[in-house]
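Work through the exercises below with the sequence and the structure at hand. Try each task before reading its solution.

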Amino acid sequence: MKTYKNLYPKLCSFKNLELAFRKASKGKSKKFYVIEFKKNLKQNLLDLKKELEWETYRPSKLTKFTIRDPKTRLIRKSIFKDRIVHHAVVNILDPIYEPRFIADNFANRINKGTIAAIKRFDKLLKKVTKNGSEINNAKHKSMIKGYVLKADIRKFFDSVDQTKLIEMLRRKIKDEKVIWLIIKILKNFDSKIKGMPLGNMTSQFFANVYLNDLDQFIKRRLKAKNYLRYVDDFVILHESKEKLEEYKDKIEKYLMNLKLELHPDKSKIFPLYKGVDFLGFKVFYSHKRARKRNVSHFKRRLEKLKKSYVCGDISKSKFIASVEGWLAYIMWGNTYNLREKITKDVKKFLKSTIPKPKKIIQPRTKFKEVVQKKLF
């Protein structure tokens with residue numbers, strides 16, 4: 001097995017840190033922290049370079065906040081400087097690990113993602129059902145052949161064993177300085193033994209590294225051809241329910257090696273004709289519906305966007321972009337009527353609403369001057 005040494009100088013290079021800055025600031029050029037960092041970009045990157053080279057780098061405390069998308073998740077956010085370091089690490093490691101990942105791992109990879117995963121699921125569905133063949137003595141046309149194991153790894157990000165992850169990384173990474181930096185990033189967490197902060201780019205990348213052993217086990221040892229994974233959710237489709245039960249039993253035992261377990265309520269085997277909850281859709285052979293839970297979540301989010309627009313907190317273009325982003329995603333399902341209804345509602349709202357002008361806040365440096373003018 002090929003291993004890699006002397007990676008740290010490349011990781012710390014100005015060229016890599018500059019690339020990491022561009023990736024970390026993508027889509028965030030108007031954020032105050034990006035603007036501040038960019039004011040003295042070269043020197044800031046040189047200072048960061050020195051911290052990394054001298055091994056004096058220490059990540060800052062993570063900021064916690066909760067999101068509902070629609071699942072309730074605790075996100076831990078790093079400061080901008082630390083995000084640059086995360087990108088710098090992944091820039092070096094990704095070319096090493098990407099060729100080792102299976103094709104049917106769709107999370108946090110170039111040319112993959114949710115849309116690609118949905119398309120792939122459709123192909124597997126057609127293959128396993130033999131283009132929608134009906135089961136014997138079917139009561140209606142939608143009762144197609146085939147079964148699915150729909151599984152979810154219980155509290156994955158909180159359950160990752162950090163020592164196990166470092167062992168995995170050491171199989172290929174023989175540069176102890178790179179390992180030192182990764183440990184620094186991992187230990188910047190509530191637990192110093194288990195878990196990774198959900199929200200860090202490194203956590204997304206390390207999730208693929210950690211679960212690659214599971215992917216290889218399912219594809220090579222179990223020979224499961226119709227397997228697809230997106231982060232900690234995965235599906236296996238098969239003509240035989242008994243075969244899927246065998247797979248599930250062996251996967252549960254294998255996950256013990258990774259100190260993980262399947263979610264007892266979210267990991268089940270059932271007929272494909274009942275529809276599969278997958279990446280925001282209820283997927284049937286003949287059609288896809290947007291899940292009610294996701295639609296309800298979007299409608300609540302839309303109301304918040306409307307309030308923000310009325311108060312002048314967000315621009316019209318940003319409001320429209322947020323709505324269009326969600327509509328562009330659900331268009332992959334049979335959602336024409338839903339999209340039309342939302343579009344009409346948004347057009348009516350924009351036509352009848354005049355947002356308040358945004359308040360201009362005086363810069364802090366001028367605060368004393370403003371007070372003096374008011375007093376005198």
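**Exercise 1: a helix**

Task. Which are the buried residues of α12?

Solution. The buried residues of α12 are Asn294, Val295, His297, Phe298, Leu302, Leu305, Lys306 and Tyr309. The model is predicted. A residue counts as buried when its relative accessible area is under 20%.

Next, place the helix: α12 covers residues 292–310, which makes 19 residues. From the first C-alpha to the last, α12 reaches 27 Å, close to the 27 Å expected at 1.5 Å a residue. Then look past its end, where Gly312 follows with a positive phi near 80 degrees.

**Exercise 2: a strand and its partners**

Task. With which strands does β3 pair, and in which sense?

Solution. Begin with β3 itself, residues 147–152: 5 of its 6 residues are buried. One partner is β5 (residues 233–238), joined to β3 in the antiparallel sense over 6 bridges. In this pairing, Ala151 stands opposite Phe234 of β5. Another partner is β6 (residues 268–271), also antiparallel to β3, over 4 bridges. Here Val148 stands opposite Phe270 of β6.

**Exercise 3: the whole chain**

Task. What percentage of the residues of the protein chain count as buried?

Solution. Of the 376 residues, 45% count as buried. The chain holds 15 helices and 9 strands, and its C-alpha trace spans about 90 × 60 × 30 Å along the principal axes. Last, take the charges: the mean positions of the 93 positive and 39 negative charges lie 5 Å apart.

Definitions and conventions. Residues are numbered from 1 along each chain as its sequence is written. This is a predicted model: local features need pLDDT of at least 70, side-chain atom pairs count only at pLDDT 80 or more; totals for chains, interfaces and linings use all residues. Side-chain values use heavy atoms; hydrogens and water are left out. Helices (H or I, at least four residues) and strands (E, at least two) are DSSP runs, numbered from the N terminus. Buried means under 20% relative accessible area, exposed over 50%, partly exposed in between (1.4 Å probe, protein chains only). Lys and Arg count as positive and Asp and Glu as negative; His and the chain ends are not counted. The place of a charge is taken as NZ of Lys, CZ of Arg, CG of Asp or CD of Glu. The expected span of a helix is 1.5 Å times one less than its number of residues. Two strands pair if DSSP finds at least two bridges between them.
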